Amino acid sequence: METPRGFRIIPEYLSPAAQAALVETLRGIVAQAPFFRPVMPGNGRPFSVEMTNAGPLGWVSDRAGYRYQPMHPVTGEAWPAIPDSILDAWGDLTGYPSPPECCLINLYRGEKAKMGLHRDADEEDFDAPVLSFSLGDTATFRLGGATRRGPTKAVTLHSGTALILGGDSRMAYHGISKVMPGTSRLLTGGGRLNLTLRRVTKPV
Ligand code: MD3
Ligand code: FE
């Protein structure tokens, strides 16, 4: 399969020390904004992944649909701020002039935690790239093309890897097909954390 233009992978972008510091920062965020388990629009089936957010807008899913909202769906509180270290990394890696508005934090715990093939299409600004960081257990990421059908390419994501999805890759289908338990000792209790940074609204 041909890799879409604008896809960049940077293994070991975060040093082991930077990963440990980020996990500590995330501990503070999760204390303020606990993980919740979203459900699918319509049928209400629970996701296998738990989520929380930082930033002015958080991504949520419930029976009513997918959307961005300024408050946590369970506590009703505003989301915590995106850590400065993450905002700095967004500037370094994307060069995009406006800051991300959403830092979605996905927790994959247990062998059944996966994310099916989908596109990130709930944003108004598709010109901005998407940036992701992987922490903890190794995962198999699947990158497809502009349609749900057709070939996908398997990409292994280790703890510390950064992914930049710009250009044609921004609207590519993608998912997490597998997380390998016990492949990292970064997270107490095991599992994988993924941070996805997105611009949601069009910059004025
Ligand atoms: C490729 N998360 O939350 S991050 C998601 O590892 C999501 O939790 C996965 O897909 C995870 O929406 C993958 C990497 C990623 C994020 C956005 C993309 C890859 C992407 C947008 C376009 C193409
Ligand atoms: Fe996605």
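Colleague: What makes up the fold, in helices and strands?
Modeller: This predicted model has two helices and 12 strands. Helices are DSSP runs of H or I with at least four residues, and strands are runs of E with at least two. From the N terminus the order is β-α-β-β-β-α-β-β-β-β-β-β-β-β.

Colleague: Why is the protein called as compact as a globular protein of its length?
Modeller: The globule rule is 2.2 Å times the number of residues to the power 0.38, and the radius of gyration is taken over C-alpha atoms. For 204 residues the rule gives 17 Å; the protein has 16 Å, which is close, so the wording holds.

Colleague: Why does W59 count as buried?
Modeller: Buried means under 20% relative accessible area, exposed over 50%, partly exposed in between (1.4 Å probe, protein chains only). W59 has 9% relative accessibility, so W59 counts as buried.

Colleague: And what makes Y66 partly exposed?
Modeller: Its relative accessibility is 40%, so Y66 counts as partly exposed. Of the 204 residues of the protein, 50% count as buried.

Colleague: How do you know how many aromatic pairs there are?
Modeller: Rings of Phe, Tyr and Trp (its six-membered ring) pair if their centres lie within 6.5 Å. By this rule there are five aromatic pairs. One of them joins W59 and Y66, at 5.3 Å centre to centre.

Colleague: Why is the W59 and Y66 pair called tilted?
Modeller: Planes under 30 degrees apart count as stacked, over 60 as edge-to-face and the rest as tilted. Here the angle is 35 degrees, so the pair is tilted. F47, W59 and Y66 form one aromatic cluster.

Colleague: What rules lie behind the numbers?
Modeller: Local features need pLDDT of at least 70, side-chain atom pairs count only at pLDDT 80 or more, and totals for chains, interfaces and linings use all residues. Residues are numbered from 1 along each chain as its sequence is written, chains are lettered from A and ligands numbered from 1 in the order in which they are written, and side-chain values use heavy atoms, without hydrogens and water.
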